[in-house]
Amino acid sequence: MSALAATLRSLEIKAPPVATPTGRLVAVQGLLLESVGCRLHTGQRCRVETVDGNWLDAQVVGFRDKVTYLMPFKQADGLVTGARVLPATGPSSIQIGPSWMGRMVNGLGEPIDGRGKLGGEETLSTTPPKVNPLKKAPVEEPLDVGVRAINSMLTLGKGQRVGLMAGSGVGKSVLLGLITRQTVADVIVVGLIGERNREVREFIEKSLGPEGLKRAVVVVAPADESPLMRVMATELCHSIAAHFRDRGQNVLLLCDSLTRYAMALREVALSLGEPPATRGYPPSVFSNLPQLVESAGNGENENGSMSAIYTVLAEGDDQQDPVVDSARAILDGHIVLTRELAERGHYPAIDVAQSISRCMAQVVSPEHALAARKLKASLAKHARVRDLIPLGAYQPGADPETDRAVKLHPHIEAFLCQGTREDAPFAGCIDQLKAMMA
């Protein structure tokens, strides 16, 4: 009898669901899709039916009364009024593991390199994790980025977050490529956000190269992607970097660029009706930037580290641009690239006088710090008489310190310049600096 009952239970037909929650598309305004009739929460993923029977993926970004606002991940074509809106079925989580190394993904964590599906043993959070500030491991060790001007004058530490700030065409991306190739790190996570499509392949093939790609994960959201995809790609690369950091590895996060992330946030906020405040940026942009940046840096595991370098576009070479000014306040240092140096053929065009590393004092020796201060002082003294020298108005002998600065300047210029394929190990940079300023 028990065997018969078990057989009958196995043959039982499960009751079908009474109803599937379905919404209807009622309006399309710019980037926003408006839906009614289905209860959806913010951040939830949905599918919108198109006129040819396909489905468009979107995400809930807000609501007002009974209207839910959606934003599509990709180009929204073929939409009609009354189209069905369904909550996405199946898990939306991302599985990550060592197989991600050497791969390229979009903002949804989907592979775009044509090398098959990605998988892993652990679930990756799509939002960057938060770390208790009292449990963060301190910045105590120097980070060798392979750039002589940075290693010697603006030394970075493992776990530091710094911005490369410059106008367009001054060499931010080229410098980022040099740092990518030469930095000593276990894992490199690269976020190419809002850049030209042409630059994506160039960065991967020329800046990273085959050897660099083996230890890298590249997250791509070029300029023709939707603003939502650019936001998600930026947050995804932070989540990936934090994943490897929390497993005891030294991670370098490169985000090109933080400004494009802010612009994507601006597009989303303005579409939702948020009023512009500072130069067209709504207030929510400046509250989201610290949340993103604070997810970088060291975590609770003292064996791992997460250093972050962001490029920040100074529109019109204006160092008081709202995004530049906000980034300068929330980052652990800023490296300024100037057009004047770039036009003189000085590469990398780093103005060490305007730049600062707030963690340098914690990771260098007193002798190194003293030599760096002497070099900065020498540059300042030379700057006072630089315009007088071509005119013959400068007369040596009045000030021995200025005379020494003028004499040293060609050597300092040569020291701070570096070729795009030139190696500059940390120890060698410090020895050269000390010898020159002795």
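**Burial terms.** I count a residue as buried when its relative accessible area is under 20%, as exposed when it is over 50%, and as partly exposed in between (1.4 Å probe, protein chains only).

**What I am looking at.** This is a predicted model, in which local features need pLDDT of at least 70 and side-chain atom pairs count only at pLDDT 80 or more, while totals for chains, interfaces and linings use all residues. Residues are numbered from 1 along each chain as its sequence is written, and side-chain values use heavy atoms, with hydrogens and water left out.

**Thr155.** I looked up Thr155 and found it in the loop between α2 (148-153) and β11 (156-157). Helices here are DSSP runs (H or I, at least four residues), as are strands (E, at least two), numbered from the N terminus. Thr155 counts as buried because its relative accessibility is 0%. I then listed its contacts (heavy atoms within 4.5 Å). Leaving out residues up to four places away in sequence, Thr155 touches Pro142, Ile150, Gln160, Ser357, Met360, Val363, Val364, His368 and Phe426.

**Helices α7 and α8.** Two packed helices are described by the angle between their axes and the distance between the axes. For α7 (residues 283-294) and α8 (residues 322-330) I noted an angle of about 40° and axes 10 Å apart. Therefore α7 is oblique to α8. Angles under 35 degrees would be roughly parallel, over 145 roughly antiparallel and 65 to 115 roughly perpendicular; the rest are oblique. The axes are lines fitted to C-alpha atoms over the stretch in contact, with angles from 0 to 180 degrees between N-to-C directions.

From α7, the residues Phe286, Leu289, Pro290, Val293 and Glu294 meet Pro322, Val323, Ser326 and Ile330 of α8. By class, I recorded 7 nonpolar, 1 polar and 1 charged residues in this contact. Nonpolar covers Ala, Val, Leu, Ile, Met, Phe, Trp, Tyr, Cys and Pro; charged covers Asp, Glu, Lys and Arg; the others, Gly among them, are polar.

**Backbone exceptions.** Most residues other than glycine have a negative phi, and most peptide bonds are trans. I looked for departures from this.

- The bond from Asp256 to Ser257 is cis, with omega near 15°; Ser257 sits in the loop between β15 (250-256) and α6 (258-271).
- The bond from Tyr347 to Pro348 is cis, with omega near -10°; Pro348 sits in the loop between α9 (339-343) and β18 (356-357).
- Asp65, not a glycine, has a positive phi of about 55°; at 74% relative accessibility it counts as exposed.
- Arg279, not a glycine, has a positive phi of about 50°; Arg279 lies in the loop between α6 and α7.
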